[in-house]
Amino acid sequence: MARTPTRPFPSFSPRDRQEASYDGVLGGHAAVSDADVRESAAFLRGVLGAERYDAAAAGTLPLTAVDCGAGVGRVSEQLLLRVFATVDVLEPSGHLLEKAKAALTGAAAAGLRGAADRFLQAGLQDFHPEPGRYDVIWVQWAMLYLTDGG
């Protein structure tokens with residue numbers, strides 16, 4: 001199966017017009033971020049089951065997720081990297097992916113339980129998940145950018 005392309009982060013996405021901030025990726029509604037993460041955590045706990053969620057969050061069950069349409073890494077930072085041992089970050093916009101990488105690696109990542117591993121620049125339509133790699137494929141606030149056309 002073809003791998004999702006990895007390359008330097010040039011621009012090729014309508015999201016390139018968005019400011020590389022929580023406010024930018026949330027369309028000017030950064031104030032919803034805390035509630036959004038809280039409700040997303042409850043949803044994820046329901047999907048995984050309380051026992052698996054708690055074990056993963058405690059570090060005794062190493063799970064891997066991919067954050068599709070990750071933007072600046074808001075959901076990876078505030079939720080996924082607090083539950084999953086490994087998170088890959090998928091984002092079509094070069095400048096948003098650069099911001100996510102800066103926020104999720106090195107000293108910026110101190111205090112997060114998991115580690116961001118791969119930073120993949122591709123749109124959802126071009127993403128080909130590696131078979132067996134992911135326990136969860138997370139898509140949040142990104143489906144609105146898909147179209148029916150090519």
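A: The model is a predicted one. In this model, E91 is found in the loop that runs between β2 and α5. Its relative accessible area is 0%, and since buried means under 20%, E91 is therefore classed as buried. The side chain of E91 reaches two backbone nitrogens: that of G71, at 2.7 Å, and that of A70, at 3.4 Å.

The largest nonpolar core has 27 residues. Both β2 (86-90) and α5 (94-104) are among the elements that give two or more residues to this core, together with α2 (33-48), α3 (50-58), α4 (74-83), β3 (115-120) and β4 (136-139). Of these, α4 contributes the most, with five residues. Apart from this core lies another, of seven residues, which include C68, L90, L120 and A122.

Within the largest core, the members that touch the most other members are L44, L48, L79, L80, V83, F84 and L104. Two of these, F84 and L48, may be examined in turn.

If residues up to four places away in sequence are not counted, F84 touches L44, L48, L63, T64, A65, R113, G114 and V136.

L48 belongs to helix α2. Its relative accessible area is 8%; the limit for a buried residue is under 20%, so L48 counts as buried. Leaving aside neighbours within four places in sequence, L48 is in contact with Y53, L63, V83, F84 and V136. The chain also brings L48 and D135 to a C-alpha to C-alpha distance of 9.3 Å, although 87 residues separate them in sequence.

T64, one of the residues that F84 touches, has its place in strand β1 (residues 64-68). With a relative accessible area of 14%, T64 falls under the 20% limit and is therefore buried. Beyond its neighbours within four places in sequence, T64 is in contact with F84, T86, R133, Y134, D135 and V136.

The picture can now be drawn together. E91 is buried in its loop, with its side chain reaching the backbone nitrogens of A70 and G71. In the surroundings described above, F84 touches both L48 and T64. V136 is in contact with L48, and V136 is also in contact with T64.

Terms used: Residues are numbered from 1 along each chain as its sequence is written. This is a predicted model: local features need pLDDT of at least 70, side-chain atom pairs count only at pLDDT 80 or more; totals for chains, interfaces and linings use all residues. Side-chain values use heavy atoms; hydrogens and water are left out. A nonpolar core is a set of buried Ala, Val, Leu, Ile, Met, Phe, Trp, Tyr and Cys residues joined through side-chain atoms within 4.5 Å. Buried means under 20% relative accessible area, exposed over 50%, partly exposed in between (1.4 Å probe, protein chains only). Helices (H or I, at least four residues) and strands (E, at least two) are DSSP runs, numbered from the N terminus. Contact means heavy atoms within 4.5 Å. A polar contact is a pair of N or O atoms within 3.5 Å; within protein, one must be able to donate a hydrogen and the other to accept it, and residues adjacent in sequence count only if both atoms are side-chain atoms.
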